[in-house]
Amino acid sequence: MIACLDRFVPDTESETATDDLPKLPTGDLTLAGRDFGGIRRTTPKAVVRPSSSADVAAILRHASHSPSLTVAARGNGHSINGQAMAEGGVVLDMSSLSDHRPMEFSDGFVEVSGGTLWEDVLVRCVAEQGKAPRSWTDYLGLTVGGTLSNAGVSGQTFRYGPQTNNVSELEIVTVSGDTVLCSETQNADLFFASLGGLGQFGVITRARIPLQPAPDMVRWIRVVYSEFEVYAKDAEFLVTRGDDDSFDYVEGFAFVNGSDPVNGWPSVPIGPGQVFDPDRIPTGSGPVLYCLEVALHYVNDEATASVHERVQEKLKQLKYCKGLEFTTDVKYEEFLTRVKKAEKEAKESGIWDAPHPWLNLFVSKADIVDFDLNVFKKILKDGIGGPMLVYPLIKSMWDSRASVVLPEGEIFYLVALLRFNRPFPDGPPVEDLIAQNKEIIDCCETNGYDFKMYFPSYDSEEKWKRHFGDQWSRFVERKARYDPTAVLAPGQGIFTRTHHHQPNL
């Protein structure tokens with residue numbers, strides 16, 4: 001159906017049965033047939049738990065000599081549209097790698113397996129080195145290989161770029177069974193192809209990540225805005241300042257102008273005993289308000305007065321609603337793992353295992369005000385049962401040699417609609433939420449917005465071509481170079497294993 005790439009396919013008679021896979025520990029077929037999105041279900045033929053790159057190579061080599069077998073790498077299963085699934089194929093449970101390949105520290109770097117969770121990287125790096133990676137995701141229960149295959153963004157991205165910009169070396173196992181060390185100067189094309197490459201070019205089994213000194217504490221602040229244009233201007237001001245003039249973390253979100261405990265005012269306060277005072281909201285405010293979330297790092301021996309002075313110096317330049325400021329101080333590790341508390345609560349209530357039809361977009365600055373008018377203020381004016389993130393990023397902090405595609409212009413916005421609804425019938429039918437996502441995409445297309453889907457999912461070659469734009473040819477050429485028979489990452493539906501001799505550009 002989509003982008004046929006096979007240049008050589010063995011005869012069916014030569015196909016090795018799945019039963020003849022290299023004898024390795026196996027995993028749960030049912031677990032590997034679903035993901036965090038909870039929307040798709042598949043049935044893989046096998047789940048393999050590799051203990052080394054050699055194990056991964058053996059599986060890929062086996063699959064490459066089959067006319068139809070596909071392989072997907074699965075980290076913590078946090079994908080949302082079946083990206084880590086392989087219907088009738090083999091799923092590599094990458095979490096097993098971290099059990100056999102311990103972290104190693106050297107010269108300001110940490111080397112970790114592709115199946116290591118970022119939360120484990122944080123704990124070990126801070127505890128043993130007093131250092132930490134520069135760029136994170138909001139939720140750290142994700143694997144290193146998983147986020148590097150997408151981008152990895154959070155409130156530090158404006159300063160350091162995404163996680164794909166903060167890795168110095170990868171070990172990648174290719175479909176041919178080769179284990180390749182690659183970096184900006186060694187096997188650079190495979191290195192950049194794999195960063196943001198959606199798992200299409202090889203399996204990331206090891207990453208070397210630069211570290212910097214970790215702070216002790218974080219001053220965590222939220223301030224509220226009634227007008228999107230004012231919010232956006234302040235957020236853009238902060239992400240375009242130099243290191244000394246800005247905060248160490250800048251994010252933000254839209255929320256409902258009402259008392260709903262999940263979608264409205266109560267979702268904003270962050271410290272014990274803090275209460276949102278709706279009387280501080282300007283008269284005539286619309287159905288949606290905006291919260292700018294920032295953080296400043298500091299060390300234990302810095303005087304409280306000094307921290308306060310630095311924060312106030314930065315805040316005084318912003319035009320938020322006075323009296324709607326919320327501040328607290330937390331340990332650095334506590335701040336970075338702040339979503340862990342929400343995860344625990346969601347698991348206890350059953351929400352974590354419910355479907356999560358999330359939608360993540362990159363929207364150009366040129367269209368974000370109109371997007372706010374048509375999407376946040378109309379389609380989503382009642383909220384989504386979870387965070388509606390919207391904050392600016394800087395394009396020059398992203399390496400264009402990687403496979404990630406972005407809107408035009410130096411400033412673009414991450415829009416992340418992170419639904420945490422109760423399962424039907426206590427919550428809305430998942431079909432309604434999927435339909436709402438489609439309504440948003442249709443709105444963007446109808447209005448001609450410059451946008452890209454982050455964690456993309458499309459059902460036709462034409463849509464994938466439109467997504468990649470002028471980078472489509474490069475993506476297809478890289479696929480033909482590193483995975484010509486389309487063994488890897490079948491769940492995304494970009495490429496299929498067929499019998500054509502040349503790629504369809």
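Buried here means under 20% relative accessible area, exposed means over 50%, and partly exposed lies in between (1.4 Å probe, protein chains only). By that scale Glu343 is buried, at 5% relative accessibility.

This is a predicted model: local features need pLDDT of at least 70, side-chain atom pairs count only at pLDDT 80 or more, and totals for chains, interfaces and linings use all residues. Residues are numbered from 1 along each chain as its sequence is written, and side-chain values use heavy atoms, leaving out hydrogens and water.

**Overall fold**

The protein chain has 15 helices and 18 strands. These are DSSP runs, numbered from the N terminus: helices are H or I with at least four residues, strands are E with at least two. The radius of gyration is 23 Å, which agrees with the value near 23 Å for a compact globule of 505 residues. That radius is taken over C-alpha atoms, and the globule rule is 2.2 Å times the number of residues to the power 0.38. Buried residues make up 57% of the 505. Contact means heavy atoms within 4.5 Å. Among contacts between residues at least 6 apart in sequence, 76% join residues at least 24 apart.

The UniProt annotation "domain: FAD-binding PCMH-type", from an unreviewed entry, covers residues 40–214. UniProt positions follow the numbering used here, feature names are shortened, and annotations may be inferred rather than shown by experiment. Over residues 40–214 the chain is 25% helix and 23% strand, with the end C-alpha atoms 39 Å apart.

**Salt bridges**

A salt bridge is a side-chain nitrogen of Lys or Arg within 4 Å of a carboxyl oxygen of Asp or Glu. The count comes to 30.

| Pair | N to O distance |
|---|---|
| Arg101 and Glu171 | 2.7 Å |
| Arg219 and Asp329 | 2.7 Å |
| Lys347 and Glu343 | 2.9 Å |

Arg101 and Glu171 form a salt bridge. This pair links distant parts of the chain, 70 residues apart: Arg101 sits in the loop between helix 3 (97–100) and strand 4 (104–106), Glu171 in strand 7 (residues 169–173). Glu171 is buried at 11% relative accessibility.

Arg219 forms a salt bridge with Asp329. Here too distant parts are linked, 110 residues apart: Arg219 is in strand 11 (residues 217–225), Asp329 in strand 14 (residues 325–331). Arg219 is buried at 9%, whereas Asp329 is partly exposed at 33%.

Lys347 and Glu343 both lie in helix 11 (residues 339–349), four residues apart, about one turn of the helix. Lys347 is partly exposed at 46%.

Salt bridges also link Glu104, Glu111, Arg206 and Arg208 in a network.
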